Structure formats: C-alpha cells, structure tokens
Amino acid sequence: MLELDLTGKTSGRIWFRKPNPYANNGVMCSISHSGIGVKSGKRHRILKSSFVAGHERLIVGDHLGIVYLFDLVENRFSIIQNTGQACTCIATGLQNQSEYLIALADTSLKCCSTETKELISWMRGHDTAVHTISINGDGNVAITTSQDTAQLWDIETFERKRKLNVMTSVGIRKVFFIPQTNLIMTCFKDNTIFAWDAETLEWKYQLKCNSQADPIDYRSYAVTRNGKTLVAAGKSNLLHVYSLETLRIIRIVQMPPHVTSVKDILFLPDKFDNGANKILGVISQDGIVQFIDLETCRLVFEIVSPRDDDRITSISISSVGEHIAAITLGGSLVFYDVPSLCADLNKPPGPLVKVVGDIWKHKVSVDTGTSFDVSKFPDSTLQQTARRPLNNTVTTGRIRYNKYVEDETVRTEDDLPNGLSKSRLLKVLKGHGEYPEQYRMFIWRSMLQLPENTSAFSALVKKGTHLSYAALQEQYPIKSGRLQRILQKILSALAHWSVIFAELDSLPSTVFPFVKLFQNNHLICFEMVATFLINWCQHWFEFFPNPPLGILSAVENVLAHHDKKLLHHFIKFKVTTQHYAWPLLQTLFTEVFTRAEWLRFFDHILSNDPSFILYGVVAYCTSCRAALLRTDNGDDIKFFFHNRNSLDLNAVIRETYHLMESTPKDIEIQSLIEPFKPLPNGTAYPVFNKYPKFIVDYQARERERIKKDEIEYLRERKVAEELAQEISNRKLEDEAWYQKQEMLSEAEEKRRKILMDEDQKLGSQRMRLAAMKRELRVRELQLLDAARLRFVQHQQMKKETDIQRLEDEIQRTARLREQETAAAIEDVEIEGLELEGQRIKLEQQMAQHEADLTHKNQDKVQEYRHQQNSEAHTFSRLQQKQTDAELKSVRKWEERIAKKELQRDATKHQAEVIQQHILDTKQRERDLERVLAGNAEHRKQHGFINEKLRELLDAKDSELHKAREELVTLEKELLDAKEERIQAIGREKRNVSQYERIINDTNKEGDCEQTMMSFPNSRCLNSLSTETEESSSSLFTTDRGRMTFEEREKQLMNEVRELRQRLVSQHVRRDPPPTFKYK
C-alpha cells in the first residue's frame, strides 16, 4: 500500500509508482499528515471531502482550514485555499465546475475557485455550523443545513432567498434537493420527512412509515440519481427503503447483528443503470463500509481502514463510480479502486456444468456464481464471514440480510471479534509482558467483546444524574472538571442500571481508572466497567454492606497454603483480609501501581480468567513478604497496602501465574468464579441482581426515610433557627436601646460638667482680659510719648535733609548750565563744519551733474547720427528699384540736401550744432515731402512732382515751428510724427511693389530722408536741444546757489543762538534758584 505524508508539502505527486489495488484489498493510496496542528496541538486531521462532478478530482479540507485538490488522473495534488477555520462541509456541482462551496466552523460559507485559488464570495447567516450542503441540478441554487435552520442561497448572486426556522425541540437532520425533480426534501429529528416545491416552496407530500415497520431514529438519508427511491437509516441495523412514487416503504433491509447503528449511507453510481442506483454503501458504528445490493440483499464488497486501530467515518464517491475516498477517525484519507473491489462480480459467467461439492470449505458462494476468496484476507473479518450461513431465506414483510451472519455454535472460545485470536494475543502478552500501547484499547475491547449498545446506554444516560451521586464532587473531588462530569455520568448510568451501584461508597475508586482511559468514548467506558463488574467482581456484593467474606476467605486460604509465615505475621498484628486484600480490590491496585504498571497488570487481568485478579492480590503480598515481615506494627502494615512500594511488577505477574498453576483444586479460586461472559447484543443490558436485595432495598427505604426525616429535620431546624434568630435580634435590639439610653445620660452628664468648666474658664478669662486692657492702656500712653518724640526728631531730620537737597540742586543747576554752554558752543562749531562739508559736497555734485549732462548730450548726438545712417541705408535699399526717369529728377534735390548737410557738419559750437540739426530736420522733411509727392504724382503725372515736394516742405516747416513753441508737448508730437512716418513708409512700400517693373533705380538720398521719418527717435534732436538749454541754464545758476547757501548758514546760526537763550530762560522760570530766610 502506497502512503503519502503531506507534512511541509504544498503540491506534488500523489504516488511515485502505479498503485496495485488488486493486491491491497482495493486500497490505492493512504494520505495522512504526521505534523502537529498549530491550533489544537493535536495531529493534523482531514475532516471533509467531495469529488468534483464529472471529474476524478477530489477537494479535501482539514481541521486547520487548509483545502487540498487531488487529481487522480493527473496524479497531482496542491493546496488551493487556506480558510483559517476548520472545515465542516464541502459541496461541488455548481454551474462553474471550477467553483465549490465550503462551510467553516465559524458558521460562515465561502465560495472559492480551484483554478484561480481565490475567494469568490463570503456568505453569512447561520448561527451554528453548517453540516450539509445540497446543490440543485442546474447548479445555481444551494441549500445549507445547520442544527436549527436551513437556508436557500442563489449561487449566481450569492444572496439568501429563503430561511427555514424550526423549533429547537424538533431540530433539522438534513435538507436536500431530489435529483431529476423540482422538489426539496426536509428531514427532521422527529423522523418526519416532507417534500416542497423548489420554486414556490409549497408543501407537496409527506413520507409516512408503515404500521408494520418499527420506528427508528433516522440519522442519514440517500436518494438515487433518478429521484425515485429514498433510503433512511439511523440508530438501528434496519434500512427503510421508500418509493417516492408511491410515497410508502417498499422494503426493509436488516443488516447483520454486529451492526447496531448506521452512521451514513451513500449510493454507488453506475454508468449503465440510468440513475436507478442499486448498490448502497452503509457505514456502521464499527467503521466498516459495506456495499449491498438492495434488490438481492447481497453483500457486494466492503472496505475497512488499512490500520487496525482506526475506522472510517465518512466516504465520497466519484460521479462515475470509479473511486472511493474514505476519511478515517485518525484524520487520514484513503483512496479505493472500485473495479478492483468488484473484480469477482465482473468475472464472466462460469460453465454450465458444475460439480456438486461443499465449496464453503474455501469460498463463499452466492446464487449468481460470484465468490470471495477468503485466503486473500488473512486475520480479517472476511474469515469470520466465510462460514456457511444459517439460511438464505427472505421473510414476509421484512428482508433479512443473513448472508454473512456468524454462527454462534461454530465459533470457538479462541475467536474474538475483529479477526483477533485469544491464544495468539496471550502468546504476545506472555512474550512481551504487555500489549502494544497503540493497540491496547482495541485489544481490551475485543477481549471483553463489548456490544456497543448505543440505544441502551442512551436510555440510561437520559435518566440524568442519580441522586446518590449528585454531590459526588464533595465526596470524591477531582482536579479536572471534565473527568468529574464523566465519572458522575458513568456512575449515574450504573446506578440506574442496578440499585446496588447507588449504595457502594467504593465504586468511584473502582470506576475512575476506566474513566480516565476511555474519557473520549463514554459508551465503551460504561460497557467496560459493566463487563468488569459482572465478571471480575463476582460475589463482591453478596454480603453487602460488608466486604465479600467468601472471596476474602478464598484469598486467605491461598495465602495460607503458599506462605503461612506471612499469614501468621498478619494474624499476630490483627491484620485481616479486610486490611490487606479488600483495599487492593476496591481500588483495583491503583493506589499501589503507577499508570504504566497498572496498564501492564490489567493486560494480564483482562486476558485471563476472572480469578486472576484475586491471585494477583496474593502474589502482591508474597512479593512484598520481606518488607511486610520486617514491619512490626499493624498500622504500618495497613498503610503499606494504601501506598506505592518499590517492587518488580514482572515478578508479581510471574508469581500470579505460578499461584494459578500451583494452587490445589480444593482451595483454587477458579471453582468459585464463573467463566467470562460478555455483555449480550440487544436493545438492553442484562439484569444485575447478584446482591442481597432485601438489604439493598432496606437500605434504600432507610435512606429514603432518613432523607425524609432529614428534610423534616432541616425544615424544623430552619424554623427553629429563624425563631432563635428573631429572639436574638429582639434581644440585641433591647440591649442596644438600653445602651443607647445609658449613653445619652452619660453624655448629658458630661455636657453639664463641660458647661460648668466653661463658665469657670470664662470668668477667669474675663479677669485676665481686664488686666490685659489696663496693661495695654499704659503701654499705649508710653507708645504715644515715644511716637511724639520720634515725630519731632523726624521733622528736624526732614528739614536738614531739605536744606541739603536745595544746596545740591543749586550746585547741580550751576554745573548743568556750564555744561550746556560748552555743549552749545561745540554744537555750533560742529554745525559750521557740517555746513562747510555740505557746501563742498554740493559743489562736487553740481560739477559732476554738469559733466554727466555734457556726456549724455554727446551720446545722444552719436546715437542720432547712427540712426540717421541706418535710416539712409534702409531707404537706399527701397529706392534702388526706382526708374531711371525718377533718378534724374531726384538728383537735383540730392545735391541741394548734400550742400545743406555739409554746412551743418561745419558748425562746431553747441548752439550752432543744435540750430543746424533743426535746419537739417526741416530740410529733410521738405525733401521727404517732395520725394513722396513726386512718387505719387509720377504715377499719375510726372510733371507735378516738384510742386508737391515744395508743399510738403512748407508743411514740415510749419510743424517744426510749432514744435519749438510747444516744448511741453514735444514728446507727443514726436510720437505723432513717428506714426505718420511709419504709415507713409508702409504706403510707399506697397506702391514700390506695384511699380517695381517700371522703377529700376532709386534715389538714395530720398530714401535716407524717408528712413529718418520712419524711426521713432527722428525728432530726438529737438529734445536734445531742450536738455542742453536746461543744462546750460544750470551752469549759469551755480554761483548764485553758492551765495544763497552762505546766507542760509548764517541765518541758521542765529536761529540756534536764539533757541538756546529761550531754553535757558524757560528753565529758570520753571525752577527758580532757592532763597533762604534766616530767623
């Protein structure tokens, strides 16, 4: 068998070599997780699984919220989601095959994708965890079921459509869709089954159980793929088969007797049955899954866990029925191959001629000719079922499934359930001294042949806590609250089973070891204790409430036979079997052995005759004889049997076997003890009445009477206590009143004494006050005299101080006057120097300003010449395209303009330069007017050019004359002239472009004049002349400014002197010099 460990793996191959299920009872691979869960600290366990519809892929969730995807075709596995919560249910079959629903322990529901490995939706609405999910045929609607409600979800929008609420007393088992129909089936805990319309949610019908059928507690349901048959099972070995067409039970199938309850059922799909599934898988309480044919009631095959100490809890079957995935109680996942399990059924039919023979010696034969080879399954349950059945008949009204029912008459004492052999187990026990730790509990259960009667145990538990053990915690306190509750539950069940167990004070000590071992399975714990009480505690309760004298006498006889010296030692110190044997039996050796030693010792007790425990008591005494013989005190010997001692357990066990073999028959204990008898199968446990019933009944009646008397006594005591309390309260009230009165009288007397003392104190205080007043009056007169003398002295000192102050003031005033005079003289001198410096600085600034103005006028003249040259160059380029005829007529004007320019350049003086500039400007303007007028007239008539130029020159002369007269508006006129020149140049350019074919030559000088008119600074010469005039005027006013400054300086000095005189006079008037008068 192939095994895969998922510890530390996120993806990989499932198996590394092709599995051979035919050689491993159909097992393909076993998958487990050896790591420890990070949340619970327990082993990593797989909880739920579901095959993807139409594929051989399985989705698995564990208790830590990790979701795996196993692909059996691709032989791959991977982690597709980590929800962080334990998985409670998984469902597939949605419209999108890559999506699945997973329910978590926190009551939430998630929709995830196997392709993208992402969360698609997160739905909430349940108050408890969801345990089943059903998807309709279209895959767009889902039903989730919890303990108290069922909810209908729209998978396309992930919204809740409806919610089914029920009473908590009823509860819901399962709600699911019926395939091939539009119905929803609801199954409740009271065994009622209703069908509803999936769209309108209207009630359709109810399935009713026949009167002939025994009612069972339904726990699981299964529907065929065609939606025509429903099978229900529960806490019984019966299967009820309903027809959804007739709405009645059509068949009742009874499972073998060893099946006491059915955990789950599931149909095995078949490709060729058109949805009418016939093979049903049944999971029983022992963890074995049996697949039976519902029509023939024959066992097809069965699957068990690969490990003997594990069992199957749930299974999932692929949609085509090729593989089965089983989850075990230990959290492992096992894959089974269905074709290999059905290999014998799929064989071709045998020959027509058959030899008559007893084929049951080797094989199990059925009417169809199929068989199981028992030799392939050694030490398994199939060996047990390979015996000849009692019959193969079918009774009326109920189908009996008796194919593999064990024949109790054929079974030998050596055979045990689950394929175990008692003789082999004893060999293992004697060879190793104990059973393997991991198989011990399983072997004990098999040795005792526990029936696991769930219904009978549940009936005892439902009776509640017995009154005898209601206060168990006070009588038998345990640190663990859980163990305390389990012990109380088991003891109460035993007390309800038999009355004697309610009267035993030592029963908790006897039961507690089993409770601690089987605390996770209460049924096994109860049956273990019950079996032990019936077989190993025989005759223990015959002399109740006294110890079992017969058993203790037999123990004493064995001890007397094998060790008389030790017995005489016990007799010498008055130590009886009630002191050294009965404590060991009551506590089952738990006080003298450790846990490991106790388990090893009980391996031998449960594997041998019930008398083994009594021989063990004698063996324990003889093994410790040296220590006991050295003890010379009876209390120490009694203490010895209630505490642990250092001894070899193997020696005790060997001594026990030796005593069993060497004890004579006349005193052997086996003759007193009946052979082992397991608890029988059935719906109830056997009656236990091996005790003196009249004593127990008498004690019960006495206990009831004592209880009633105690209740009456408690009631009367309560009344008496209330009366005594009332009397004591009244007495206390009276005492308190008297004490209060005494306290008041004492307080009044104290107050009277205090008042008298206060009056005396007041009189004495008044006398002291009068004396103090007299003293104060005398002191006041003395102080007045001293104050008058002090005031006279103060006046004299004040006058002297004033005289001194006046003298100081006079001296200070004189010094101040001298200082002011000297300071005024120094200020006048400093001001004179400052004025002289200011005068010099002003002269320098005026000279510098004059030089700057001169330099500025020169720069402007140069700039004007540069602009003139640039304008001339520009107009020369424009006039190059004039015609030859225009050039001849313009040359006369160029000669006249050139003569005037020569005359202008010859002038050196600044005034002549300025005047020449003005004349040149006028001349150029006249020439420009003539040129423009000649050009315009030439296009119309060449003869009018000279006349137009003269008119334009006259206009410019008038404009120049106005500019000289209006110096204030010079800049505005310059800007207007600039705009006019720009417009004229623009018109001229347009005209030149029109007549460029006619005009070939240009008048350079005329172009220069036109260029000067186009620049904005063409009239800058006029502004320059104005600035020059201003600068020249400033030169003429320099000397006059210097004279004005000297006069101003003298005036300021006079004003300073007058100001000082006024200040001195004001000071004298404000503070006149002091005058002294002498008496």
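Colleague: Is C621 buried or exposed?
Modeller: The relative accessible area of C621 is 1%. Buried means under 20%, exposed over 50% and partly exposed in between (1.4 Å probe, protein chains only). C621 therefore counts as buried.

Colleague: What is left out of the side-chain values?
Modeller: This is a predicted model, where local features need pLDDT of at least 70, side-chain atom pairs count only at pLDDT 80 or more, and totals for chains, interfaces and linings use all residues. Residues are numbered from 1 along each chain as its sequence is written, and side-chain values use heavy atoms, leaving out hydrogens and water.

Colleague: Which cysteine has the sulfur closest to that of C621?
Modeller: The gap from the C621 sulfur to that closest cysteine sulfur is 7.6 Å.

Colleague: How many disulfides does the rule give?
Modeller: Take C87, which is buried at 4% relative accessibility. Its closest cysteine sulfur, in C89, lies 7.1 Å away, too far for a bond. The disulfide count is zero.

Colleague: How many salt bridges does the structure hold?
Modeller: Side chains of opposite charge can pair when their charged atoms come close. The rule asks for a side-chain nitrogen of Lys or Arg within 4 Å of a carboxyl oxygen of Asp or Glu. The total is 17.

Colleague: How far apart are the closest N and O atoms of R715 and E712?
Modeller: R715 and E712 sit three residues apart in helix α19 (residues 693-878), so about one helical turn separates them. Helices are DSSP runs (H or I, at least four residues), numbered from the N terminus. Both side chains are partly exposed: R715 at 45%, E712 at 33%. They form a salt bridge, with the closest N and O atoms at 2.3 Å.

Colleague: Which residue forms a salt bridge with R219?
Modeller: R219 is partly exposed at 38% relative accessibility. The closest N and O atoms are 3.3 Å apart, and the partner is D217.

Colleague: What is the N to O distance between D309 and R307?
Modeller: D309 is partly exposed at 30% relative accessibility. R307 is partly exposed at 36%. Their side chains meet in a salt bridge, N to O, at 3.2 Å.

Colleague: Which residues are linked with R440 in a network of salt bridges?
Modeller: R440 belongs to a salt-bridge network. The residues linked with R440 there are E434, E437 and D603.

Conventions: Helices (H or I, at least four residues) and strands (E, at least two) are DSSP runs, numbered from the N terminus. A disulfide is a pair of cysteine sulfur atoms within 2.5 Å.
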